[in-house]
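The sequence and the structure are shown first, and selected local features follow.

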Amino acid sequence: MISKIIRIRGTVQGVGFRPFVFSTAKKYNITGWVRNSSAGVEILANGTPQEIKNFITEVKTNPPPLAKIDTFVESEKYSNGYKDFKILQSQIIPGEFIPISPDVAICSECQKELFDPANNRYRYPFINCTNCGPRLTIIKGIPYDRPNTTMAEFTLCDRCQAEYDNPLNRRFHAQPVACPDCGPQVWFESLTTGPEKREEGIQRARQFLRDGKIIAIKGLGGFHLACDALNQEAVSKLRHRKKRSDKPFATMVFDIETVKKYCLINNAEETIMGSYEHPIVILPTKKGMHVPEQVAPKMRTLGVMLAYTPLHLLILEPENDYPDLFVMTSGNISDEPIAYTNESAKDVLSSIADGFLFHDRKINTRIDDSVLTEYKGQKYFYRRSRGYAPNATILPKNSLEILSVGGELKNTFCLTKEKYAFISHHIGDLKNMETYRAFTEGIANYQHMFNTKSQFIACDLHPEYLSTKYACYYSEENNIPLLKVQHHHAHLAACLADNNWDSNEDAIGVCLDGTGYGLDGQIWGGEILIGGYQTFQRKYHLEYMPLPGGDSAILHPNRIAAAYLWKLGFPWDDHIPAILSLTSEEKNVMKRQLKLHINTPNTSSMGRLFDVVTSLIGLRHTINYEAQAAIELEQITESSITDAYIFEISENTINLNSIISNILSDINHKIHSSVIATKFHNAIANLILVLCNKIEKEYNLHHVALSGGVWQNQYLLHKTCQILDEEGFSVLIHHNIPPNDGGISLGQAVIANKHFK
Ligand code: ZN
Ligand code: ZN
Ligand code: FE
């Protein structure tokens, strides 16, 4: 007989790991014990060498579905032998930490029980088990045990307690375990109906939806606003009340068959959609399925997710004459963060929702739905949040303990420790108090969860970002060194780290986005960099153009278009739709601004160039959500068109004169906007190839990293990857974090790590 101590790190708590070890030990006649510690899971295994070998192989190769083993260390140990195998009390080791599981969509076994009249949790909206249910959203502290969650206030009934205590039960130590007798409950309230509890409340909510009303539903990470997506009037009403003119709404359906009714979906997309995370997946809409235009105006795609909690399943359950496609959008007013307490939802959403479906399980961390698309069989994120955060990104090497605070829009922050980078869930746009509070509280919460006291801090170079101001304050207050990182360098490094880049070699960074503070104080955004984690140089960039009125111009692509024409020396001719759309007063103000350089910063932004082209062709002159012009321009591209405009390059500058001149000429010749839009996209892809070829010749670099918000553009992404691939470049695109500013916190962290080391 021999004994071994096995120490396992990774996502191994709250995922059914101990019961799995317990039953595996029984299977191979192993005696000893298993326990959770604040560093992971520890096992003492006692048996014959062969039994131990079999046991270890099975633990390593066949862990429960949600478990992720990062390290597995075994060492010989003397022991007196044990009579049986036990699960011991959790052990707290000061300074240690383990990854925490994200929230998980309802599993198939729980779903079966939910609709089984014979089950004691039949139609119970909070059914869950070790393999599914809330995690991050209810965790208040570590270790992940019930007293450290918002479930602490619900005392388990005898039946639930017995399941919780039985290592062979699939609810063994499932911290959120509950039943109708002892767990949280739902109720429905509206102005016209009194509070109705449990099943009655659910039925009332369904009736409201059937009648075309808008209801607020408290879900897993916050409130959703829901209505029948096929009811044009209901959707318009929701848009009007939520003050959201055009930004596409996400939708939710009961099952994958319903997805197939409305959208085209391939196998990879189906797999991603049905994964433990149940994200919103952007899918092409099926032709002939008349989803009202108001759900996703001007889009050829629809964001769809499967019902991911038992409560959602009960609300969406199919029935004759009952809707099957639901708008399920964040419960907030325009840019504010999602409402997550019953009180704040009542405050904020009562002007929008006709009724509320509440429940009394508290949400500790609010969290939005994740949004992604599929690219070559893999996930490609737009927003990484529920289901994915706070999963760690594994770094190529051990890192210093750093806090990086991200950017201003689509903010996330990031904490590094050992080989882990914990990138936060999506915080949102840091421009109001509520989001800022979510940001600061989020940082404190993550530092606590992962037991880290950051020794270094990193932020963006932009002096006005709230995140930068916070970092300066934090650095002073805690007396720790601060590094300000240039925005596009952070994009490049984020993409490298996302690809587990572990080389001291430089890569080519094609960093295209809307706005990033440059080293020269100008607004950058069309940047071809050479660099790595340590340093970068700005090799090529778009020609500087004026932005009359600064940031406020961003809402008015037509003003930007006029300014670009002015700078390039083209007359403001009313035959050009962009010019025609401006009032004479607007033109007069702009002329003054441009001539006298009043509040007219320079920009090399690629995002703005998309705005300009969109307005020049008359597709859109003003926007009401971020990147709307560029998104709508992409929507009219045609992959069958291969023509392209040509960018001229002089020295390090990409000139705009010839391309704008050619676009104006095509407008004059009444060339279809789809053709112009596609030729413009193709021009950018070709430009990237030309520049990469030049750099390859000069520096012998073959890796090209594509990062920045512009890379949400699927047409451009496909086209660029294709032509770079054909020329033999290794293209690095994002996989685990979004290409947009939601990813730069990771870039800041890895740059700071190199710097401070
Ligand atoms: Zn389950
Ligand atoms: Zn119970
Ligand atoms: Fe950016």
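Cysteine 107 counts as buried because its relative accessibility is 14%; buried means under 20% relative accessible area, exposed over 50% and partly exposed in between, with a 1.4 Å probe and protein chains only. Cysteine 129 is likewise buried, with a relative accessible area of 1%.

The zinc ion (ligand 1) has Cys107 (SG), Cys110 (SG), Cys129 (SG) and Cys132 (SG) as its protein donors, 2.3 Å away. Donors are N, O and S atoms within 2.8 Å of the metal (3.2 Å for Na, K and Ca), and sites may look incomplete because water is not among the atoms. Cysteine 107 lies in the loop between strand E5 (85-87) and helix H3 (108-114), and cysteine 129 in the loop between H3 and helix H4 (158-165), so the pair ties together parts that are 22 residues apart in sequence. Helices (H or I, at least four residues) and strands (E, at least two) are DSSP runs, numbered from the N terminus.

## Basis of the model

This is a predicted model, in which local features need pLDDT of at least 70 and side-chain atom pairs count only at pLDDT 80 or more, while totals for chains, interfaces and linings use all residues. Residues are numbered from 1 along each chain as its sequence is written, chains are lettered from A and ligands numbered from 1 in the order in which they are written, and side-chain values use heavy atoms, with hydrogens and water left out.

## The site of zinc ion ligand 2

Cys157 (SG), Cys160 (SG), Cys179 (SG) and Cys182 (SG) coordinate the zinc ion (ligand 2) at 2.2 to 2.4 Å. Along the chain, these donors follow the spacing C-x2-C-x18-C-x2-C. The arrangement is tetrahedral because the 4 donor atoms subtend angles of 104 to 115 degrees; four donors count as tetrahedral if all angles lie between 85 and 135 degrees.

Cysteine 179 is buried at 1% relative accessibility, and cysteine 182 is buried with a relative accessible area of 10%.

## Histidine 312

Helix H9 (residues 310-316) contains histidine 312. This histidine 312 counts as buried, at 0% relative accessibility. Apart from neighbours within four places in sequence, histidine 312 is in contact (heavy atoms within 4.5 Å) with Gly219, His224, Met252 and Ala307.

Terms used:
Four donors count as tetrahedral if all angles lie between 85 and 135 degrees; four count as square planar and six as octahedral if opposite donors are over 155 degrees apart and all others between 65 and 115; anything else is irregular.
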